[in-house]
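I opened my notebook to jot down a few things I looked up. Here is what I asked and what I found.

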Amino acid sequence: MTRRDLILLLGGAMTAGRALGAQQKAMPVIGFLGNASPGPFAPFVAALHQGLSETGYVEGQNLATEYRWAEGRYDRLPAMAADLVDRKVELIATSADASALAAKNATSTIPIVFVIGSDPVEIGLVVSFARPGGNLTGISIMTGELMLKRLELLSDLVPQAHVIALLVNPNNASNERMMKLVQEAGPAKGVQVRVLKAGVESDIDVAFTKLTQLQASALLVGSDPFLFSRREQLVALAARHAVPAIYEWREFAAAGGLISYGTSLADMYRQAGTYVGRVLAGTKPADLPVQRPAKFELVVNLNTAKALGLTVPPSILARADEVIE
């Protein structure tokens, strides 16, 4: 090999190396900011990436993701959001109200796609549903309004209940409106709603002890990522205390919970994934209207009803999307 050939060969290798480096750098990196733990949320992260794949983005091929999990410690979220901003991710996807607010406070330029339970206008994330403005958009599940429907279902299922307990996470600021809505609606159903709070795992056991002391005949479990991550514990305690309980997600009923009514969480994350893909492709968050669910699922676990000695009214069974026997 001549000296000229060697120089050409080395030059080509350097050019290829630079091209490879450019390709690696070109792969977008997004951040995922989660309120809870990765294990219980694995199906919904998978749904997010399903939505991304529908827009042409596949993790490990032309997309990378950096995950941050608060493990139920919502006070960690601001630092985690700031870390993702420091790492200059292309976009931040968030899993609930607290993480969306933390991301919004951390950046006004990096796009943010959220899945939240509250009204995003009311909590200051966007200007309007149709025209979000700024750097945020996403999916709003509107859990407050759905809690009223769950209160109605629980009252129909346990008509003798005069005291119903509402379990919430005190670390979730968006619960204030939900508590107010449910407590104001209680008298019309002939029930008194008493609030129980659980922000860490040990609080849940204490809450069930207090539930017995209150002589509550039924339990309404609030919408919250931490409470969702503790669904096995909640379902087991409801069975141990023989208390009829209603939940938001079908995953509770599938785990042995009595009844659930809400949206498909997996579908919400899939929709969020398509929004992430569209933003990565160049669409501005301000041009993507905030989406609301159009489909709701009512799931009844007849095995649990039998264990509790409950007869599920035919009116509820007729409306059920799924009956577990």
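Is Lys-88 buried or exposed? I found Lys-88 exposed, with a relative accessible area of 68%; buried means under 20%, exposed over 50% and partly exposed in between, using a 1.4 Å probe and protein chains only.

A note on the ground rules: this is a predicted model, where local features need pLDDT of at least 70 and side-chain atom pairs count only at pLDDT 80 or more, while totals for chains, interfaces and linings use all residues. Residues are numbered from 1 along each chain as its sequence is written, and side-chain values use heavy atoms, with hydrogens and water left out.

**Loops.** Lys-88 is in the loop between α3 (77-86) and β3 (91-94). I take helices (H or I, at least four residues) and strands (E, at least two) as DSSP runs numbered from the N terminus. The phi of Lys-88 is near 55°, which is positive although the residue is not a glycine. Most residues other than glycine have a negative phi, and I then looked at another residue of interest. Gln-215 has a phi near 60°, again a positive value in a residue other than glycine. I located Gln-215 in the loop between α7 (201-213) and β8 (218-221), and at 65% relative accessibility Gln-215 counts as exposed.

**Rings.** How many aromatic pairs are there? I got 11 aromatic pairs, where rings of Phe, Tyr and Trp (its six-membered ring) pair if their centres lie within 6.5 Å, with planes under 30 degrees apart stacked, over 60 edge-to-face and the rest tilted. Phe-32 and Trp-69 have ring centres 5.3 Å apart and planes at 50°, so I logged this pair as tilted. Phe-32 lies in strand β1 (residues 29-34) and Trp-69 in strand β2 (residues 64-69), so the pair ties together parts that are 37 residues apart in sequence. Phe-32 is buried at 1% relative accessible area, and Trp-69 is buried too, at 14%. Both belong to one aromatic cluster, whose members include Phe-41, Tyr-67 and Tyr-269.
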